[in-house]
Amino acid sequence: MSDFLLTQIINYGAPILGAIVFIGAMGAPFPATVIVIAVGAFCKQGFLSWYTTGLVALVCVVMGDSLSYAMGYYVREPVLRRFGKSERWAQAESTFNRWGVMSVLLTRFLITGLAVPVNLIAGTSNFPFRKFFLYDLLGEAIWVFGYGGLGYLFGTQWELIGAFISNFGSLTLGLVILLAGIILAIRWLRSR
Amino acid sequence: MNTSSNPRKRALVIGLILVGSIIVGIFGLRTIRAFREFRGHRPPPPSAAEEIETDVSLIRDWMTIPYISKMYLVPPRILFKALEIPEHKNKEKSLRQLNEEYYPQAKGIVLEKVKATILANPPQPMPTVPDTPVVP
């Protein structure tokens with residue numbers, strides 16, 4: 001998949017990258033981080049202009065995130081009809097509002113595997129869109145220019161850093177899942 | 001949450017720990033391996049940006065002939081001629097696609113031929129188009 005996408009990027013440039021990150025932000029399982037690193041290397045080699053490509057990628061990924069937030073927002077009514085009156089729903093909503101900023105920011109560039117669920121939850125739990133947009137923009141700017149910058153720095157050796165960052169991203173996702181399990185297990189043991 | 005009284009919640013806790021541990025195990029090892037490979041390399045110095053790439057081991061089968069041509073400063077017509085493939089309609093195809101289309105019986109032959117051609121042809125300055133028209 002990533003080989004095919006890389007070929008299309010060197011053929012058609014920033015618009016294809018924009019489409020990839022836009023669709024990826026809505027949940028398609030594209031290796032977007034590795035692609036952004038590769039694009040940084042293409043910019044260094046002079047195939048793409050870094051500012052146009054960076055801007056297109058940033059605008060498209062933020063649009064994709066906003067759309068997945070909107071999807072969450074528009075399913076809010078049926079979700080509320082099902083869970084709205086429960087105490088747990090209110091608790092979950094208040095927990096997300098407390099940790100939402102951190103969740104949105106960190107899932108943009110560190111735990112990217114959780115970005116789409118966080119967008120949907122943010123929309124469903126009525127997390128303020130302005131706040132979501134601001135931290136989404138900040139996090140995605142770090143993702144695009146940070147990882148793209150690494151690709152630019154390493155040039156033709158981008159595959160080395162790409163492999164490391166891709167695996168590290170999955171490792172952090174695993175750690176988050178494990179941590180969630182441990183926290184729930186501790187609560188379980190305490191309640192016994 | 002009283003998990004002890006709810007088998008579904010207990011299964012969730014065990015599932016999270018199990019799935020989390022598996023992911024941490026697999027990707028932890030892969031991260032360490034990738035870090036070891038990456039540790040020995042440093043970003044090339046800024047001056048190297050202007051240098052011509054000569055390491056053919058960096059060629060991959062997702063690359064296209066025009067891309068490789070620009071990367072190694074070898075004119076595309078030389079590469080197409082070496083592959084015995086017409087340039088027309090093949091500029092946007094990857095080496096893998098060219099291989100599947102023109103050499104379906106010989107897997108990887110296009111990649112090897114491109115590498116050999118680049119090694120046999122030292123980099124040549126590519127014709128550049130001036131930014132502004134030249135006034136005679």
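Modeller: Let us begin with a definition: helices (H or I, at least four residues) and strands (E, at least two) are DSSP runs, numbered from the N terminus. By that rule chain A has nine helices and zero strands, and chain B has five helices and zero strands. This is a predicted model, in which local features need pLDDT of at least 70 and side-chain atom pairs count only at pLDDT 80 or more, while totals for chains, interfaces and linings use all residues. Residues are numbered from 1 along each chain as its sequence is written, with chains lettered from A and ligands numbered from 1 in the order in which they are written.

Colleague: What makes A:Tyr147 buried?

Modeller: A residue is buried if 20 or more other C-beta atoms lie within 10 Å of its own, exposed if 12 or fewer, and partly exposed in between, with the C-beta atoms placed from the backbone. A:Tyr147, which is found in helix 8 of chain A, has 25 other C-beta atoms within 10 Å and is therefore buried. Buried residues make up 43% of the 192 residues in chain A, and 21% of the 136 residues of chain B count as buried.

Colleague: Which residues is A:Tyr147 in contact with, leaving aside its neighbours within four places in sequence?

Modeller: Two residues are in contact if their C-beta atoms, placed from the backbone, lie within 7 Å. With those neighbours left aside, A:Tyr147 meets this condition with A:Thr33, A:Val36, A:Ile37, A:Gly40 and A:Ile165. As for A:Ala38, A:Tyr147 is 109 residues away from it in sequence and 9.0 Å away in space, C-alpha to C-alpha. For chain A, 82% of the contacts with a separation of 6 or more are between residues 24 or more positions apart, and for chain B the share is 55%.

Colleague: How many residues of chain A are in contact with chain B, and which elements do they come from?

Modeller: In chain A, 34 residues are in contact with 32 residues of chain B. The elements of chain A that give two or more residues to this side are helix 1 (2-12), helix 8 (129-154) and helix 9 (158-191), and helix 9 of chain A supplies the largest share, 21 residues. Ala, Val, Leu, Ile, Met, Phe, Trp, Tyr, Cys and Pro count as nonpolar, Asp, Glu, Lys and Arg as charged, and the others, Gly among them, as polar; by these classes, the side of chain A that touches chain B has 19 nonpolar, 11 polar and four charged residues.

Colleague: Why are helix 4 of chain B and helix 5 of chain B called oblique to each other?

Modeller: Axes are lines fitted to C-alpha atoms, for helices over the stretch in contact, and angles run from 0 to 180 degrees between N-to-C directions. The axes of helix 4 (residues 95-102) and helix 5 (residues 109-120) of chain B come within 8 Å and cross at roughly 120°. Angles under 35 degrees count as roughly parallel, over 145 as roughly antiparallel, 65 to 115 as roughly perpendicular and the rest as oblique, so helix 4 of chain B and helix 5 of chain B are oblique to each other. Helix 4 of chain B contributes B:Leu95, B:Leu98 and B:Asn99 to the contact, and helix 5 of chain B contributes B:Ile109, B:Val110, B:Leu111 and B:Val114.
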